[in-house]
Amino acid sequence: MSGPVETSAAADGGLMRVSSDKISRLMDLVGELSLSVSETVQSPDLAGLTLTNFDAAVHRLNMIVREVQDAATELRLVPVDDVFRRLRRMVRELERQTGKQIEMEIEGGDTAIDKLVADRLYDPLLHVVRNSADHGLEGPDERVATGKPAQGRIVLSAAQVGSEVRITVADDGRGLSRDKILKKAREKGFFGPDEEPEPSALWKCIFEPGFSTAEVVSNLSGRGVGMDVLNATMNALRGRIGVDSTAGQGTRVALHIPVSLAFLDCIILRLGHQLFAVPIDVVSEIAKPKPEDILGISADEGAEMFRLRGAHVPVCRLDSFYGMVLPDASSTRDSVLVVFNTSSGAIAVPVDEILDRQQVVMKPLVGRLANVRASFGCALLGTGEVALVLDCERLAAGHAAGGVA
């Protein structure tokens, strides 16, 4: 009787179909379990008690909870190839619509991503692939005339880098047109008439709502929608976008997305009575500045710079950014400076105290709180307190723009 059952189990690899809703429910419960354990072991009722071997038991319990969190996270991971295969099918349709010859190459399709991320990635990635096919790749005759193969090439790749998944769409087309994009950006007021922005700043314009350099509106492009959808989706997924383009050689769009959306490794910071959580991957270093290390720039509306080993890092004060009223006047010389790495450069943020490093349970900000600037959401801590999770990319962009994020 056991023979057929074992054969059947071996045939399907022991796999079971479980709905993503049930897995999401399990992850919510694991998050609540983690919070309950933290609340219990940090209860003030335990203060002053002599509990033999308590610390060892707490450490063991925390390790088990962490393993349960990791196991629950893995249950919701799926191979990114599920998304890539759908895009490969769309390339055949794009060939017919554009009249171009397109080869799509897929790399790293077995890279695992959160199912919630995979469900939201297809449409934004489709916009990127469409742009590569319509704007990036040249027609067969033009490619041959420039010494390229008649068939254009789009490479879709994925790889896990630390706690992030990097998804890249690269083509070997004509590259982004600096002149066209700069002209359109100046028309929209992003840059002054004589301003010559760096490529990294200019390429960001293509993600602005309504931005398009296409002179003819088609079913593929020209409406100015698509890339801004990608930008909005990446913000919602706590991700970031990088663009690199070389004229005549092609364009590369890289998406950096956290492996898991439920739990986040953070450093907990305190400024006044407000707690902040920062993803540990963006923290470059923590410094105790000397008075002479902070420089005021009166010509730039009182902006401050932190002198760090010969380099100057902009100082972003969270109390000014968020309009906080601190209980005591905090001076930078008495603070700790946390330096964050962002795609637009490093920024230094003064805080009163570095509290802890912990894996936090993430909750999105909804309702009126959804308008809180430069934030991924809130982190529920074991003490019962709530910390605001900083989106350092938008914090840096908002600080550079004078507080608008």
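Which residue meets Glu-196 in a salt bridge at 3.2 Å, N to O? Select Glu-196 together with Arg-178, whose side chains form that pair; a salt bridge here is a side-chain nitrogen of Lys or Arg within 4 Å of a carboxyl oxygen of Asp or Glu. The pair links distant parts of the chain, 18 residues apart, with Arg-178 in helix H7 (178–187) and Glu-196 in the loop between H7 and helix H8 (199–203).

Before going further, note that this is a predicted model, in which local features need pLDDT of at least 70 and side-chain atom pairs count only at pLDDT 80 or more, while totals for chains, interfaces and linings use all residues. Residues are numbered from 1 along each chain as its sequence is written, and side-chain values use heavy atoms, with hydrogens and water left out. Helices (H or I, at least four residues) and strands (E, at least two) are DSSP runs, numbered from the N terminus.

**Around Glu-196**

**Helix H4**

Next select Arg-92 and Glu-95, whose side chains meet in a salt bridge of 3.0 Å, N to O. Both lie in helix H4 (residues 81–98), three residues apart, about one turn of the helix. An α-helix has 3.6 residues a turn, so residues three or four places apart point the same way. Arg-92 counts as partly exposed, at 41% relative accessibility. By the rule given above, the count of salt bridges comes to 20.

Move to Ser-245 in strand S6, a buried residue with a relative accessible area of 13%. Its side chain reaches the backbone nitrogen of Leu-176 at 2.7 Å, and a polar contact of 3.1 Å joins the side chains of Ser-245 and Thr-251; a polar contact is a pair of N or O atoms within 3.5 Å, where within protein one must be able to donate a hydrogen and the other to accept it, and residues adjacent in sequence count only if both atoms are side-chain atoms. Not counting residues up to four places away in sequence, Ser-245 also touches residues including Gly-175 and Trp-203, contact meaning heavy atoms within 4.5 Å.

Then select helix H9 (residues 227–236), whose buried residues are Met-227, Asp-228, Leu-230, Thr-233 and Met-234. What covers them includes helix H5 (115–136), strand S6 (240–246) and strand S7 (250–258). Just after H9, Arg-238 takes a positive phi of about 60°.

**Strands around S16**

Finally, display strand S16 (residues 353–363), which pairs with strand S8 (residues 263–271) in the antiparallel sense over eight bridges; two strands pair if DSSP finds at least two bridges between them. Within this pairing, Leu-269 has Ile-354 of S16 as its bridge partner. S16 also pairs in the antiparallel sense with strand S17 (residues 375–380), over three bridges, and there Met-362 stands opposite Ala-379 in S17.

Conventions:
Buried < 20%, exposed > 50% of the residue type's maximum accessible area, 1.4 Å probe, protein only.
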